[in-house]
Amino acid sequence: MNSLTPQRFIDKWSRTELKERASAQEHFSDVCHLVGHATPAEMDPRGEFFTYEYGMKTSEGRQGYADVWYKDHFAIEYKGKNKYDTLDGALQQLQRYRENLHNPPLLVVCDIEHWEVHTNWTNTEKQVYRFTNADILTPRVQRILRALFFDPAYLHPDRTAAEVTADAADVFRDIAQNMRQWEAAPERIAHFLTKLVFCLFAEDVGLLPAGVSGKRIFTEIIEATREKPKDFVYYTQQLFQAMAEGGKVMLRDIPYFDGRLFEDVAVEEISYEALAALEKACHLDWSAVEPAIFGTLFERSLDPGKRAQLGAHYTSRDDILLIVEPVLMQPLRREWEAIQQEAAPVRERYDAALASGPRAKVTAAANELIALRERILARLRSITVLDPACGSGNFLYVSLQLLKDMEKEVILHPLFAGLQTPFPAVHPRQLFGIEINEIAHDLASIVVWIGYIQWQQNNGYLSFKEPILEPLDNIRQMDAILAFDADGAPVEPEWPSADVIVSNPPFLGSFKRREQLGDSYVDALAQLYDNRMSGFTDLVTYWFERAKTQLQQGKVKRVGLLATNSIRGGTNREVLNRIKEVGDIFMAWSDREWILEGAAVRVSMVGFDDGSEFEKELDGQSVAFINSDLTKSVDVTGAQRLKENIGISSIGPQKDGPLDIPQDLAETMLAATNISKLDNSNVVKPYMNGNDIVKRSRQYWVIDFASLSEEEAAQYEIPFKYLEQILKPIRSTNRDRQRRENWWRMGRSGSDYRASVAGLTRQIFTPRVAKHRVFVWVDVRVFPDSAVVAIARSDDYFFGVLHSKLHEVWSLRMGTWLGKGNDPRYTPTTTFETFPFPWPPGQEPTDHPTYRAINAAAQQLHTEREAWLNPPGVPESRLKKRTLTNLYNALQVFRGEASGRVETAAGDFAPRLDVLHRTLDEAVCDAYSWPHAILADEEEMLRRLLALNLERAGDA
């Protein structure tokens, strides 16, 4: 292997006058000698991974080559000596067919004298290393050249695109803060920031010219006016005006942008500090900023409360792909695969005709190939996508990028090599959106355009006709689920027709809807959707209903929507039932973690159509069918509420205010006497919420005046005066007239609960939402919180059946989920009232051996569990870890259903607890006359329970 010193290399190539083709290979061979690496001929004589003139076709159909290609290292395109002005074109050539070069991490262009090494790693900030032959004397450039051959990763950018975008958000925070100080409206701030962002982006991708000094023109303006805010306004407004109409700024021609972004060319006079922040922004690579994260950038800038966490409302690309890929791209990929199979034999005929056949055969085969290619390209260029809750455009941007990636794949596919190929034509005009928020609506158009321009630049197609931007009138600012006709009556708003709907509609539970949207809006929704939607469904379900209507009317073919995972159960699931009546669910992720306003929530993703999709996938696995509760197994959604179960379980009364009090205050009230001689224990009662059950009790009490009149309640002097001071001011502004006028009472009286437990000495409580489905015995004097389901039975048999595995499995499948930990929710209606007990409640044969066996097993479970939770003589300080949550966590670990460390005492008791539960489960199986083996087969349990439910309901 020859060696060559840097100086000899520089001297030799400073004198050469050879043309491009004659000089390129010798120049590269000398570079190999310079860094001590074998040449392509020495290392790879067959040209399989390191070679000159790696053959392929350019997108224009001409025979083209990467002048040098080294797999997994680099591709180099040479130009003639001192043709520096042609290097941009050389880079675009590499970018256009980099996929055919196996996407090397580095793209290099060189005109013999000048070098540019462009990084090509995905999802990273793009970096360019520029140097000349003379710089090869420096250690820095010698390291760069050696890295090309021996360690490409050495040149990897340190930062991801998301990190660059985070820095951009920090910069604009200062500008937004400055504008907030003089009370600028958020819309005004957003419009101004959007124009600044686009100018920074436009100059970094080369859409704006260099200024007089040679620096980028917007950067030049910012740096020149850094301490002159009025000058900044003057020159920036000139730039905005030129971008709006086309024209000159500082003797430079500015393209005509239009797109309505610069309809308002006003420039705000910002502070010195804000200008300093803007100057910092000039040094970021705005061409690398991730468009899908722009919404978060602006939220952090406009709302100080959302600065803490980048990504609070950011739907990541990976998450978006889980919907967009199967809903939008899967049918297109199938069509493309079919085209390839059809085109393969035609290509063989074309190649054979090129080699020896007559010209007519070449032309005929070429025309067939072009027709096949145009068939799939026409599909890609005509398919339309609607996001009816588009926010800042993330779903639309990702959809556009995927369509353009596939279009490029078709254009550059070897099947069509040598044929004249068209310019990519997938365009933002294929995207439709609906967004009610003005700021997000305006931002969505810019995000789509930035994403489009970014793709064109990164793939070697950055060539635009003026105007560069087109108005995206197909992204509409409007309410997607409610409109009003000329008479003021609520009507469904008209959605644009589209082939595909993909969206992440807003998450808002039914209980928060009135508070956040207002009474009139909620009432109008209820009136419009009265026959279809329950008033207790989450807001997101209205988008499912509207999309279902579009499907029925033939205005859309496929839909993919996101919702909280509570859509799988309760009243929310009704909309999925209706979807399956007119079509089918072909894709679902039943339960995934999601970030919403900085907090983890659980979501479901649902794809549906008219039933024509034959491939179905649930949680990433191929399945035969998907139920409306987003399961693949026994469909229990058809279970009926059983009359025999009604009136036994109820949710605790709702306080609607601070009616709960600590024990010391309760003791004071209980010790007091009233003039009326009435005992305060009539209205001051022990109280439990869900945490009191699964953790240690807080020993709280509640003031409960039930249905007493104000005069009757006032006879309980201290409790009444306490609520008069604490609760009455809060209730005085309550929108509900009953709660406002009857301010001393519970918000919801709980008459059903009171009636159900009348005459009992004890009752059963279970938390509505908890990680483990546990039941506890509670004295009937204890009052349940609204986060508790109370069951009005006092017999051990009933407690035992509730605590059996059969009831647990049923409740998990029939219930819904809530909270950060995806905890299951238990409800009196869908969970309890649908469960078929071994005997209908009230008809149990108390002398039956299996009844007595369940009784005994339940008593033993309760006795031993209570002994573990509250061992005698142990101070409260040492009992903190003795909770039902810790105990059942340990049981899960013992059974191999979970992993992790457990509290020692709980771990010690877990084996015994397992025995107690297994004994109880087997006794319950005996009561059903079912084999114990079904305890290991949840699907069989559900099948049998569903059959019994339908039989009891009269449907079997």
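The legends below describe a predicted model, beginning with the whole chain and moving on to several close-up views.

This is a predicted model in which local features need pLDDT of at least 70 and side-chain atom pairs count only at pLDDT 80 or more, while totals for chains, interfaces and linings use all residues. Residues are numbered from 1 along each chain as its sequence is written, and side-chain values use heavy atoms, with hydrogens and water left out.

**Figure 1. Overview of the protein chain.** The protein chain holds 33 helices and 29 strands, where helices (H or I, at least four residues) and strands (E, at least two) are DSSP runs numbered from the N terminus. Taken along the principal axes, the C-alpha atoms fill a box of roughly 115 × 70 × 65 Å. Of the 956 residues, 54% count as buried; buried means under 20% relative accessible area, exposed means over 50%, and partly exposed lies in between, for a 1.4 Å probe and protein chains only. Among contacts (heavy atoms within 4.5 Å) between residues at least 6 apart in sequence, 69% join residues at least 24 apart.

**Figure 2. Packing of helices α13 and α14.** Two packed helices are described by the angle between their axes and the distance between the axes. Helix α13 (residues 359-382) and helix α14 (residues 394-411) pack at an angle of about 170°, and their axes are 10 Å apart; that makes α13 roughly antiparallel to α14. The contact is made by R373, I376, L377, L380 and R381 on the α13 side and by L403, M406, E407, V410 and I411 on the α14 side. These contact residues divide into seven nonpolar, no polar and three charged. Axes are lines fitted to C-alpha atoms, for helices over the stretch in contact, and angles run from 0 to 180 degrees between N-to-C directions. Angles under 35 degrees count as roughly parallel, over 145 as roughly antiparallel, 65 to 115 as roughly perpendicular and the rest as oblique. Ala, Val, Leu, Ile, Met, Phe, Trp, Tyr, Cys and Pro count as nonpolar, Asp, Glu, Lys and Arg as charged, and the others, Gly among them, as polar.

**Figure 3. The antiparallel sheet that includes β24 and β25.** Four strands form an open sheet in the order β20-β27-β24-β25, with antiparallel pairing; two strands pair if DSSP finds at least two bridges between them. The edge strands, each of which pairs on one side only, are β20 (649-651) and β25. From one strand to the next, the twist averages 35°. Strands β24 and β25 run antiparallel and are joined by four bridges, and R762 stands opposite D779 in β25.

**Figure 4. Surroundings of H772.** H772 is found in the loop between β24 (762-767) and β25 (776-779), and this residue is buried, with a relative accessible area of 9%. Leaving aside residues up to four places away in sequence, H772 touches T885, Y888, N889 and Q892. With the side chain of N889, the side chain of H772 makes a polar contact at 2.7 Å. A polar contact is a pair of N or O atoms within 3.5 Å; within protein, one must be able to donate a hydrogen and the other to accept it, and residues adjacent in sequence count only if both atoms are side-chain atoms.

Figure 5. Strand β22 (residues 684-688) runs parallel to β26 and is joined to it by two bridges, with F783 in β26 as the bridge partner of Y687.

**Figure 6. The enclosed strand β15.** Seven of the seven residues of strand β15 (residues 558-564) are buried, so the strand is largely enclosed by the rest of the structure. R558, G560, L562 and T564 point one way from β15, whereas V559, L561 and A563 point the other way, and all are buried. Strand β14 (residues 500-503) pairs with β15 in the parallel sense over four bridges, and V502 stands opposite G560 in β15.

Figure 7. H102 is found in the loop between α4 and β4 (106-110), and its phi is near 65°, a positive value in a residue other than glycine. At 43% relative accessibility, H102 counts as partly exposed.
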